Amino acid sequence: MEKRKVLQNKQMQSQAAFTLRDYNAKAPFAGFLPGIGGKFGIPTWAFYVNRGQGICSFGTQDKDHALMEYLPATQAYQLANHQGFRTFLKIHGGRNPMLYEPFQYARKNPLQIEQEMTVSADRILLRDHNPQAGLETTVEFFSLLNENVGGLMRILTLQNAGPRPLELEVADGLPVLLPFGLEEDGLKNRRYLMEAFMG
C-alpha cells in the first residue's frame, strides 16, 4: 500500500511540472516558490523569473528580511542575469581554454546550446547543454523544510557529456548578499548610504 502511495505522489509531481525549452528567449513570466517550511520549519520566500538562473529575490518573513534584494518583475527580467546566481567556467581540454557561463541568453546561438526550465509545485530545475564544450550544467532550487532555520536550497551539477575528460575551473554563487538588518526602505530610498554602511 505504501509503495503505491509513493508511486502516485511521483506521478502527481511529474504531471504538475512543465518544461520550457529555450526559456531565456520566451516571453517573460514570474512566480514564487511555495513559502512553506514544513510542519516544524521556517518559511522562505523565493521569487523567480525565466531569465538566467531564475531566482532573483529571496528571504524570510518579509521584504525587510531579504537576503537578495526584492525586485519587481519588470526589473527582475532585466537584472536576473547579472544580479542573480551565476556560474563561470574555464574549460580545459583543447588547445585553448574555453570560457563559458551557463544559463545566459545568446541571441545568436552558434554553439547550439540547449536550455530548459522545468517548474514543478515545489522547485525549479534549469538545464544548460553545451555540445561544443561537452558539458551539461543543471541547477535546482527548492525550500529547506522542517529545520529551525529558513533557507533556499541550490544544487549545481556539472556533468561531462562528451567523449573526452574535462578539467574545469569554477566560480559560482551570488554577486551580492544583503546583510541582516538592512530594511527595504533604506535600500530603495537611501541606497548609497546603506551601501556605505555595508562596506
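By class, the lining of the second largest pocket has nine nonpolar, two polar and three charged residues, where Ala, Val, Leu, Ile, Met, Phe, Trp, Tyr, Cys and Pro count as nonpolar, Asp, Glu, Lys and Arg as charged, and the others, Gly among them, as polar. The structure is a predicted model, in which local features need pLDDT of at least 70 and side-chain atom pairs count only at pLDDT 80 or more, while totals for chains, interfaces and linings use all residues. Residues are numbered from 1 along each chain as its sequence is written, and side-chain values use heavy atoms, with hydrogens and water left out.

A pocket is here an open set of points on a 1 Å grid over the protein atoms alone, with protein on both sides within 12 Å along at least five of seven lines, whereas a cavity is a set of points where a 1.4 Å probe fits but cannot get out; lining residues have an atom within 4 Å of a point. Grid points are joined across faces, edges and corners, and a volume is the space filled by probe spheres set on the points. The second largest pocket has a volume of about 200 Å³. Its lining comprises 14 residues, of which Glu 69, Gln 83, Val 176, Leu 178 and Arg 191 lie nearest its centre. Two or more residues of this lining come from each of strand S5 (66-68), helix H2 (73-83) and helix H4 (191-198), and H4 gives the most, with three residues. Helices (H or I, at least four residues) and strands (E, at least two) are DSSP runs, numbered from the N terminus.

The largest pocket has a volume of about 260 Å³. Of the 21 residues that line the largest pocket, Gln 104, Ala 106, Asn 109, Ile 113 and Gln 115 are the closest to its centre. The lining divides into nine nonpolar, four polar and eight charged residues; S8 and S9 each supply at least two of its residues, and S8 gives the most, with three.

Strand S8 (residues 114-119) runs antiparallel to strand S1 (residues 18-21), to which four bridges join it, and is also joined by six bridges to the antiparallel strand S9 (residues 123-130); two strands pair if DSSP finds at least two bridges between them. S8 and S9 form a hairpin with three residues between them. Met 117 is the bridge partner in S8 of Leu 20, and Met 117 also stands opposite Leu 126 in S9.

Arg 127 lies in strand S9. Because its relative accessible area is 17%, Arg 127 counts as buried, a term that means under 20% relative accessible area with a 1.4 Å probe and protein chains only. Leaving aside neighbours within four places in sequence, Arg 127 is in contact (heavy atoms within 4.5 Å) with Phe 103, Glu 114, Gln 115, Glu 116, Glu 136, Thr 137 and Thr 138. The side chain of Arg 127 makes a polar contact of 3.2 Å with that of Glu 114 and a polar contact of 3.0 Å with that of Glu 136. A polar contact is a pair of N or O atoms within 3.5 Å; within protein, one must be able to donate a hydrogen and the other to accept it, and residues adjacent in sequence count only if both atoms are side-chain atoms.

Key
Buried means under 20% relative accessible area, exposed over 50%, partly exposed in between (1.4 Å probe, protein chains only).
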